[in-house]
Amino acid sequence: MGMFSWAEKPASVLRQGGVIGPDERLPWPQTAAMGVQHVIAMFGATVLAPLLMGFDPNIAILMSGVGTLIFFLVTGGKVPSYLGSSFAFIGVVIAATSYAGKGPNLNIAVALGGIIACGLLYALIGAVVQAVGTGWIERFMPPVVTGAVVAVIGLNLAGIPIKNMAANNFDAWMQAVTFVSVALVAVFTRGMVQRLLILVGLIVASLIYALLTNGLGLGKPIALSGIAAAPWFGAPAFTAPVFSGAAMLLIAPVAIILVAENLGHIKAVTAMTSRNLDPYMGRAFIGDGIATMVSGAAGGTGVTTYAENIGVMAATKIYSTAIFVVAAVIAVVLGFSPKFGAVIQAIPLPVMGGVSIVVFGLIAVAGAKIWVDNRVDFSDNRNLLVAAITLVLGTGDFTLRFGGFALGGIGTATFGAILLWALLGRARPGRETAMAGDAPVR
């Protein structure tokens, strides 16, 4: 089957309930509602990452939608994933541009050239995987490594909502109200309401927030003036890339992190769906690489498959790729509509923080699920130490500096897990070490 073959139409089987597979879909009204939920899930991180690098968040939203559509086409609609702004680029972009951390990044063009170089390297790795398979990657990154990398992404991001999205005690309490609301919806509701647990929980928490602030004056009220003032349509500010050798050498190696991240995500989706997605691994890397290049060419951040949306799939048991087409189209509309963007941005920050706590936690659990599904043996010290050290490196945001280059958090955890696995060598004779493929895909 060719890369863009439509011999098998994705999401062509209509289902009304139960677990919805990648090639199945709900009725379109429910599919649209689920698409909105996925936009909400990705929105906070996809906007936050460009803000931390001095990029235009509207461009990031737009390119997340365009990138997701590219990914859908390249994978033939077989891999349920949303592509959003990657946090793996933050450290190297700041280093390459000397960004001070506030306002627009005046050297963004140099970073864009590096992002395009990274996307090209990523796509080339995908082409090799498509030609020879994933075996060589899995030897370097077995389930104990990929599970740890996925888990630390959630754990590393956990500090964002807890430290940066609650300015005072009231906001912290509202975060608690939000994640409790989501949990109550998840456990005590049924049907479509339960499937929309993130969106419904967010709406409930926002209404409670509005009652306490706009109604009773207990905190910062929800500002609706920005929505009224924002125009319906408006093009974001595109930026052309500049190719600097130093910046390209600094940013391109992020492709290794994206490979490990994407591999872990697809393994997690494989475990959740009981569908073997390994044959599409190369396509997924190529699609993500092309999407990153296109995003960089327009002024956007590098993109990656989003664990936030995998967390939503884990909670809803809906894996239909059709949902991600809807979410991508919504993101494109948001990118060209300041008013729609203003509506989403009117969501109170602590409410978004409470949702982020839930979603980031689901990411961490998805990493642990890779270990469980692949029966990783933690009585083997090699597995035990690789996982233990990786988790602390990522969670503690351990940073190593090489001159002006800083590798922190997710980067040190990813490379640390790969290098530790190789350094500690093969398991002793007579001891089983769980490798990718040891456990059948169920």
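How many residues does helix 10 have, and how far does it reach from its first C-alpha to its last? Helix 10 (residues 197-215) has 19 residues and reaches 25 Å, close to the 27 Å expected at 1.5 Å a residue. The expected span is 1.5 Å times one less than the number of residues.

This is a predicted model, in which local features need pLDDT of at least 70 and side-chain atom pairs count only at pLDDT 80 or more, while totals for chains, interfaces and linings use all residues. Residues are numbered from 1 along each chain as its sequence is written, and side-chain values use heavy atoms, with hydrogens and water left out.

**Overall make-up**

- The protein chain has 20 helices and six strands. Both are DSSP runs numbered from the N terminus: helices are H or I with at least four residues, strands are E with at least two.
- Of the 442 residues in the protein chain, 56% are buried. Buried means under 20% relative accessible area, exposed means over 50%, and partly exposed lies in between (1.4 Å probe, protein chains only).
- The accessible surface of the protein chain comes to about 17600 Å². Carbon and sulfur atoms hold 70% of that surface. Areas come from the Shrake-Rupley method with a 1.4 Å probe, and for residues only the protein chains shown count as cover.
- Among contacts in the protein chain with a separation of 6 or more, 80% join residues 24 or more positions apart. Contact means heavy atoms within 4.5 Å.

- The buried residues of helix 10 include Leu-197, Leu-202, Ala-205 and Tyr-209.
- Just after helix 10, Gly-217 takes a positive phi of about 70°.
- The structure holds three aromatic pairs. Rings of Phe, Tyr and Trp (its six-membered ring) pair if their centres lie within 6.5 Å; planes under 30 degrees apart count as stacked, over 60 as edge-to-face and the rest as tilted.
- Phe-170 and Tyr-209 form a tilted pair, 5.9 Å centre to centre with 50° between the planes. Phe-170 lies in helix 8 (residues 169-188) and Tyr-209 in helix 10, so the pair ties together parts 39 residues apart in sequence.
- Both Phe-170 and Tyr-209 are buried.

**Another aromatic pair**

- Trp-371 and Phe-378 pair edge-to-face, at 5.2 Å centre to centre and 80° between the planes.
- Trp-371 is buried, at 13% relative accessible area. Phe-378 is partly exposed, at 30%.

**Nonpolar cores**

- The largest nonpolar core has 100 residues. Such a core is a set of buried Ala, Val, Leu, Ile, Met, Phe, Trp, Tyr and Cys residues joined through side-chain atoms within 4.5 Å.
- Phe-89, Val-145, Ile-251 and Phe-285 have the most contacts inside this core. Helix 13 (residues 254-273) gives the largest share, 11 residues.

**Helix 19**

- Thr-390 lies in helix 19 (residues 381-395). Thr-390 is buried, at 0% relative accessibility.
- Leaving aside neighbours within four places in sequence, Thr-390 is in contact with Ala-148, Val-152, Ala-413 and Ala-417.
- Gly-394 is also found in helix 19, and is buried at 0% relative accessible area.
- Gly-394 and Leu-157 are 237 residues apart in sequence, yet 9.2 Å apart in space, C-alpha to C-alpha.
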